[in-house]
Amino acid sequence: MDLAQKLEELKRRDHAAESGGGPERRERQHKEGKMSARERIEFLLDEGTFEETDKLITHHCTDFGMDKQKYYGDGFVTGYGRIEGRLVFVFAQDFTVFGGSLSQANAGKIVKIMDMAAKVGAPVIGLNDSGGARIQEGVASLAGYADIFLRNTLSSGVIPQISAIMGPCAGGAVYSPAITDFILMVDKTSYMFITGPDVIKTVTHEEVTKEDLGGAMTHNQKSGVAHFLAHDDAECLSMVRELLSFVPSNNMEDPPRRECTDPMDRRQDALDSMVPAESNKPYDIKDVIRAVIDDGYFFEVHEHFATNIVVGFARLNGRSVGIVANQPAMLAGVLDINSSIKGARFVRFCDAFNIPLITFEDVPGFLPGVQQEHGGIIMHGAKLLFAFAEATVPKITVITRKAYGGAYCVMASKHIRADVNYAWPTAEIAVMGPEGAVDIVYKRELDKTHSSEERTKKRAEKIEEFKDRFANPYVAAEKGFIDAVIQPRDTRPKIIQALEMLETKRDKNPPKKHGNIPL
């Protein structure tokens, strides 16, 4: 074969690989509102930066007539490219080839780029659209999954790992995304579950649709498995790009910084009246967050899950920060099982990747109830406590209103190594709310009153007395638990000044293999 023939053969194989399962199957993807694997990669990466790896690989299975069904690339597109000029590694499952099923050969493609990403310190992005393990290969395909799971685990906390679920993801395939840092799902076209509706109907006699069992909204709102909800492939891929703009390429780097046109000394007068005078009235903590951060832009994570706590990314003077905030507009901002898990997961990600943590606190305590206690609120609440206490990144806390009981300790208090703790004049820092405290501390005195009117009057007086003596920020400030009581309007410049002071912070935990977080 001369050189011209060799070049022609290369061109033929390249074209075959890029054709995937053929135009008919690709058109079927389009009719379902889905891009093809290669279209997704082209949309995700900076134009012209994709370098494909193992483009001509094929499977090795000879059973069930598979030796006569071979496609170059074997149903996976892998490689590397750039997002906003930064190196990333990516794999995309091609549903047009064997339903995007995992084989020993294409698992090897993924393992190869994951190993390379870990070596060079770059994020890995998986675009999932697969029917699962390739049944014809038996245990070999399962071994491929296990190889990937190991890399997911070893790379956790070392390089960012992002999973976009853009079609089916079922069975053992779900565990790779579950180990990664963030999961995005596309509404109406993606789903995740261990066993499908048919198996569930056979085993438990429950009837459920794929959408209700493992659709995008189910996992964003009910299970908390997914962190972001997109309405189509384009929005999903755009969100991946946006997410990466807040995080570093690896755990040895600082997050990317952007030029800031929002004045760092900007004071927001509206914050002075943001918290209602009545302590039992709700307000939206997101309004507080947006008033403080650069340009009011908040990239929320886990928006639909455990909405009594808010987490997400923002910038302050161009610097990426992680925001954790109680949400008084939902369940009065109490901590419960789901919000504790949500908060802990986010805190640990930020700590792993050198992203400072800003906490806005308005928490009346942990949610009481038999269901919460039996569900393990003690264990799950301890996760959030563990995460904040373990974190060594700069930690700044602003108490806007309530900070009661154990929840005060948990929400990045001074006692668990928060660096700078501010309080607004509206802050109430106490073991418990004034009403409950008075009923306990003054119970005998109140029981001695002769009439209900007299008791009500006396109780009201004691509540006001308790508020004046204990439920304010000045007692905590006198003890050094609060660094300063600040005017709400000054929150942005105060936080930015604190971040600049903490820029060279160095802290570490005792030498150990790892902690034993209560799981």
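Reply: Gladly, starting with handedness: a crossing is left-handed if the near helix is turned anticlockwise from the far one by less than a right angle, and right-handed if clockwise. Here, α16 passes α18 in a right-handed crossing. Keep in mind that this is a predicted model, where local features need pLDDT of at least 70, side-chain atom pairs count only at pLDDT 80 or more, and totals for chains, interfaces and linings use all residues. Residues are numbered from 1 along each chain as its sequence is written, and side-chain values use heavy atoms, with hydrogens and water left out.

Me: How are helices defined, and how many helices and strands does the chain have?

Reply: Helices (H or I, at least four residues) and strands (E, at least two) are DSSP runs, numbered from the N terminus. The chain has 20 helices and 17 strands.

Me: At what angle do the axes of α16 and α18 cross?

Reply: Axes are lines fitted to C-alpha atoms, for helices over the stretch in contact, and angles run from 0 to 180 degrees between N-to-C directions. Under 35 degrees counts as roughly parallel, over 145 as roughly antiparallel, 65 to 115 as roughly perpendicular and the rest as oblique. For α16 (residues 434–441) and α18 (residues 452–469), the axes come within 9 Å and cross at roughly 115 degrees. That makes α16 roughly perpendicular to α18.

Me: Which residues of α16 and α18 make the contact?

Reply: Contact means heavy atoms within 4.5 Å. From α16 come P434, E435, A437, V438 and D439, and from α18 come R459, K462, I463, F466 and K467.

Me: How do α3 and α10 cross?

Reply: The axes of α3 (residues 37–44) and α10 (residues 233–244) come within 9 Å, crossing at roughly 40 degrees. The two helices α3 and α10 are therefore oblique to each other, and α3 passes α10 in a right-handed crossing. In α3, R40, F43 and L44 meet D233, A234, L237, S238, V240 and R241 of α10.

Me: Is N220 buried or exposed?

Reply: Buried means under 20% relative accessible area, exposed over 50%, partly exposed in between (1.4 Å probe, protein chains only). N220 lies in α9 (residues 216–223) and is buried, with a relative accessible area of 1%. Leaving aside neighbours within four places in sequence, N220 is in contact with M185, A226, H227, F228, L229, H304 and F305. Across the chain, buried residues make up 51% of the 519 residues.
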